[in-house]
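I opened my notebook beside the model today. Here is what I looked up, entry by entry.

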Amino acid sequence: MAESKREAALKALFSKISEIDGPIVKRSEPEADDIPAGGLVNLADGSLKAEPILSPLRYEIAHTAEIMVLVQNSDAVARDAQFDAILVALAAVIDADPTLGGVVDFAACDEPEIVDEPIEGAATIKAATVPVTMDYIAPTALG
């Protein structure tokens, strides 16, 4: 069975973010109870917006995947520095190849939603959801 353009785009994005040095990188994993010392990056499939293009019928897809970035450290300065380093690296790997190896027409990070989550009896977690929009043409509205 042929792979969808949607799945190819997600695999290409996962490959790019796997180049980030330090955090454990996963795809579609449930929220972790334990965050590794180097941090955790988790790619979720996200959502699609499809606009039809006629003659021949195909679809212009704006696919917004979500990348969760999590770090945990009791030292706020160290936690903030590690968190920032992961976000900078994430933007750098996507900006260096915005076509994700030719799989999409264009990919870019959007504004992150950042939160600090105090954990009773444990170090605070700093987390962000980073939307990454990938634009591509697909044969169906499903990507």
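Is L100 buried or exposed? I found L100 buried, at 3% relative accessibility; buried means under 20% relative accessible area, exposed over 50%, and partly exposed in between, with a 1.4 Å probe and protein chains only.

Before going on, I noted that this is a predicted model, where local features need pLDDT of at least 70, side-chain atom pairs count only at pLDDT 80 or more, and totals for chains, interfaces and linings use all residues. Residues are numbered from 1 along each chain as its sequence is written, and side-chain values use heavy atoms, with hydrogens and water left out.

Entry on backbone angles. L100 sits in the loop between α2 and β4 (106-109); helices (H or I, at least four residues) and strands (E, at least two) are DSSP runs, numbered from the N terminus. Its phi is near 50 degrees, positive although L100 is not a glycine. I also looked at S28, in the loop between β1 (24-27) and β2, where phi is near 55 degrees. S28 is partly exposed, with a relative accessible area of 46%. Most residues other than glycine have a negative phi, and most peptide bonds are trans.

Entry on P56 and R58. The peptide bond from S55 to P56 is cis, with omega near -5 degrees, and P56 lies in the loop between β2 and β3. The backbone oxygen of P56 is 3.0 Å from a polar atom of the R58 side chain. R58 belongs to strand β3 and is partly exposed at 30% relative accessibility.

Entry on Q82. I found Q82 in helix α2, buried at 18% relative accessibility. A polar atom of its side chain lies 3.2 Å from the backbone oxygen of G38. Leaving out residues up to four places away in sequence, Q82 touches A37, G38, G39 and V71 (contact means heavy atoms within 4.5 Å).

Methods: Polar contact = N/O pair within 3.5 Å; in protein donor to acceptor, adjacent residues only side chain to side chain.
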